[in-house]
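This report concerns the packing of helices and strands in a single model. The sequence and structure are shown first, and the description follows.

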Amino acid sequence: MSDNGDRIRFGIMGSGWRSEFFLRIARALPDRFEVTGLVTRNPETARAIETEWNVRAFPDIDALLDASTPEFVVVSVPRDAAPAIIAQLAERRMPVLTETPPAPDVAALEWLHELVLGGAIIQVAEQYHLSPLLRAQLGVAASGRLGTVSSALVAQCHDYHGVSVLRRALGIGFEDAVITASLFESPLVQGPDRDGDPREESHVTARQLSARLDFGDRLGVYDFADEQYFSWIRANRILIRGDRGEINNLDLAYLDDFRTPVFSEFRRVATGEGGNLEGMFLRGILVGSSWEYVNEFAPARLNDDEIAIASCLVRMRDHIAGGPALYSLAEASQDHYLGILMHRAAETGDTIRSARQAWAD
């Protein structure tokens, strides 16, 4: 956020489930964020948006941009529709923060890359590495306390999201990988979903994709089933190993010197429990006596995913002003490309080697 404390003003293209994350963030932090308008072609949805969120709805992008002055537009639409909308915004010289993935396939990603080469500002709202616990874990991994990181296992999020965390954990950019993968199906008792808690006991088939991405001197292991997102009985896991230490979920172990091991844990510090009357919000993540993450949006009542997305919005403004990329189109394209190859390897049983793509330059 800029020094004078003015709000970050952005528009939204799309009215689906993910769009509501941005609307909730703006409602929870009205002094920091403002939605200048939302584009939806459905008149009934438009009326509902205006009633529930007090945000003006527009039938198309031109109407939004002619009537308001957002700093950037969040594109939250299906991947097949995203490239054309991004191109329309680029033609209007409007910076874009697009949801993941930004396009359905490699050809469309290459087409978007050409827009960036032509000067378009396109960043991607890849939020997982900015969520509080992962941000703390990845920060420790990058700090040198683990020594030289050589392997990571991520069972946190699907496809391109999981790859993004793997690359960050390993310190990988656009290096090529040799990929092997397999699919395993198993029964699982149905848990909650987007509509709430289950109403009766039923079983679903969990499709677990396990993949090994061998980068030569570093190994990434991906292991995830989509049902894990809402399940009460399928926990997230992460293991990052270096020659001087490791992160194993909430546990941290490393060597202070070759004779002195140090053991600690990632501890979540939140308010509102027991007799605490401060409200319900996250203060941060402690490791020992060190704050590895401090919530800049406290005391707003946001969940971890919303905190991470709010961080994307702040970093998007900083990037437009000349700051570093929050998550470039190139990085997001690489994540999606490797995710596509993981599925291809699982479906065919073949060992697949990635090839350097145009955006890697």
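## Helix H9 on the strands

Across which strands does H9 lie, and at about what angle to S8 does H9 run? In this predicted model, H9 lies across strand S8 (178–189), S9, S10 and S17. Relative to S8, H9 runs at about 75°.

## The open sheet

The sheet is open and holds 11 strands with mixed pairing. Their order is S16-S15-S14-S13-S12-S11-S7-S10-S9-S8-S17. At the edges are strand S16 (290–294) and strand S17 (352–353), each of which pairs on one side only.

Within this order, strand S12 (residues 245–248) pairs with strand S13 (residues 251–257) in the antiparallel sense, over four bridges. Asn248 has Asp251 of S13 as its bridge partner.

Helix H7 (residues 159–170) also packs on the sheet. The strands touched by H7 are strand S7 (149–155), strand S9 (203–214), strand S10 (219–225) and strand S11 (237–242). The direction of H7 makes about 155° with that of S7.

## Helix H5 against helix H9

Helix H5 (residues 106–117) packs with helix H9 (residues 329–348) at an angle of about 175°, and their axes are 10 Å apart. H5 is therefore roughly antiparallel to H9, since angles over 145 degrees count as such.

On the H5 side, the contact is made by Val106, Leu109, Leu112, His113 and Val116. H9 contributes Leu329, Ser333, His336 and Tyr337. By class, the residues of this contact comprise six nonpolar and three polar, with no charged ones.

Note on methods: Residues are numbered from 1 along each chain as its sequence is written. This is a predicted model: local features need pLDDT of at least 70, side-chain atom pairs count only at pLDDT 80 or more; totals for chains, interfaces and linings use all residues. Side-chain values use heavy atoms; hydrogens and water are left out. Axes are lines fitted to C-alpha atoms, for helices over the stretch in contact, and angles run from 0 to 180 degrees between N-to-C directions. Helices (H or I, at least four residues) and strands (E, at least two) are DSSP runs, numbered from the N terminus. Angles under 35 degrees count as roughly parallel, over 145 as roughly antiparallel, 65 to 115 as roughly perpendicular and the rest as oblique. Contact means heavy atoms within 4.5 Å. Ala, Val, Leu, Ile, Met, Phe, Trp, Tyr, Cys and Pro count as nonpolar, Asp, Glu, Lys and Arg as charged, and the others, Gly among them, as polar. Two strands pair if DSSP finds at least two bridges between them.
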